[in-house]
Amino acid sequence: MAISDLPVLSALRTKMQWHQERQKLLAENVSNSDTPNFKPRDLVEPKFNAGGAPSAAIGSLAMMRPTSGTMIAASAASSRFDVNGRAGFETRPAGNGVSLEEEMMKVSANQMDYAAVTSLYSKSLHLLKTAIGKG
């Protein structure tokens with residue numbers, strides 16, 4: 001069994017990948033804040049089972065779609081987009097629904113969470129190295 005096969009490390013890697021993809025999507029939302037009819041999107045957080053393994057592979061990360069339904073998936077079960085459940089959603093006259101304040105709050109929270117996960121990953125690797133006498 002390789003070190004990379006450990007469920008804890010696999011879950012932490014999946015979480016780091018999720019945060020990276022979410023950061024790209026949030027940056028896209030901010031960059032399109034003046035694009036007419038653009039609706040903000042967000043990723044749905046991966047769920048982990050009791051063993052620490054993600055319930056879905058990283059390639060099938062689910063995304064949230066705007067409440068207007070402009071992005072429709074083939075089926076609800078395999079959908080990459082989900083409803084953005086934001087109450088008080090406001091759309092500008094040009095049809096753009098991006099709130100820069102909200103997106104920047106998400107970006108900050110995402111950065112902090114990513115830093116926490118990378119720290120846990122590093123500490124887990126250091127603990128394993130110590131356990132095998134290489135630390």
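These legends walk you through close-up views of a predicted model. Local features need pLDDT of at least 70 and side-chain atom pairs count only at pLDDT 80 or more, while totals for chains, interfaces and linings use all residues. Residues are numbered from 1 along each chain as its sequence is written, and side-chain values use heavy atoms, with hydrogens and water left out.

**View A. Helix α1 covers residues 7–31.** Helices (H or I, at least four residues) and strands (E, at least two) are DSSP runs, numbered from the N terminus. Buried residues in α1 include L12, W18 and L25 (buried is under 20% relative accessible area, exposed over 50%, partly exposed in between; 1.4 Å probe, protein chains only).

**View B. K15 pairs with E45 in a salt bridge.** Here, a side-chain nitrogen of Lys or Arg lies within 4 Å of a carboxyl oxygen of Asp or Glu. The closest N and O atoms are 2.1 Å apart, and the pair links distant parts of the chain, 30 residues apart. K15 is buried at 13% relative accessible area, whereas E45 is partly exposed at 42%.

View C. Shared partners join R22, D42, E103 and K106 into one salt-bridge network.

**View D. N37 has a positive phi, near 65°.** Look for N37 in the loop between α1 and β1, where N37 is exposed at 55% relative accessible area.
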